[in-house]
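Grab your viewer and let's work through a few exercises on aromatic rings and the charges around them. Try each task yourself before you read the solution.

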Amino acid sequence: MEKTIVALNQYLADLNIYYRKVQNYHWNVVGQGFFTVHAKLEEIYDAVNEKIDVIAERILSIGGRPYGTSKKYLEITKIVEANDEDITVKEALKHLISDTEYLLNSVRVLKEITDEEKDYGTSAELDSHILEYEKLLWTMKAYIK
């Protein structure tokens, strides 16, 4: 389970920084489509927050220790933090599309690792993450088209 635990902690770090980024955009998004996107961003970060808890508890349930500090998350995440400034709807969604594509690819690789290590519980949990990211990507891309 060691590879799974390492990969889950990477995903946990990425989720935490993604959560903060989405929330930052929720606060700072401006322009046409504000009302729709502002509400959607809150929905997204609430869903991410649930994933954070599920992943941390999954790490514990397979004998690992979840990372729990922003310092550690920032050391290993592949997601770039957002700036504290106005951002247009289109720019925010472009950044989030890129980050969500990264998360989707990471979860697909993570699923392969969990299957290799016969951690079918984690593998099953990741199926819903994949489905959610695929739908989120479709909707964000459709919005900015």
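This is a predicted model: local features need pLDDT of at least 70, side-chain atom pairs count only at pLDDT 80 or more; totals for chains, interfaces and linings use all residues.

Residues are numbered from 1 along each chain as its sequence is written, and side-chain values use heavy atoms, with hydrogens and water left out.

**Exercise 1.** Work out how Tyr19 and Tyr45 are arranged and which helices they link.

*Solution.* Start with the rule: rings of Phe, Tyr and Trp (its six-membered ring) pair if their centres lie within 6.5 Å, with planes under 30 degrees apart called stacked, over 60 edge-to-face and the rest tilted. The structure has 2 aromatic pairs. For Tyr19 and Tyr45, the centres are 5.6 Å apart and the planes sit at 85 degrees, so this one is edge-to-face. Next, Tyr19 belongs to helix α1 (residues 2-28) and Tyr45 to helix α2 (residues 34-61), so the pair ties together parts 26 residues apart in sequence. Helices here are DSSP runs (H or I, at least four residues), numbered from the N terminus.

**Exercise 2.** Classify Tyr19, Tyr45, Phe34 and Phe35 as buried, partly exposed or exposed.

*Solution.* Buried means under 20% relative accessible area, exposed over 50%, partly exposed in between (1.4 Å probe, protein chains only). Tyr19 at 15% is buried, and so is Tyr45 at 8%. Phe34 and Phe35 also make an edge-to-face pair, 5.3 Å centre to centre with 75 degrees between planes. Phe34 is partly exposed at 26%, while Phe35 is exposed at 72%.

**Exercise 3.** Find which ring the charged end of Lys51 sits over.

*Solution.* The test: NZ of Lys or CZ of Arg within 6 Å of the ring centre and within 35 degrees of the ring normal. The charged end of Lys51 sits over Tyr133, 5.5 Å from the ring centre.

Note on methods: Helices (H or I, at least four residues) and strands (E, at least two) are DSSP runs, numbered from the N terminus.
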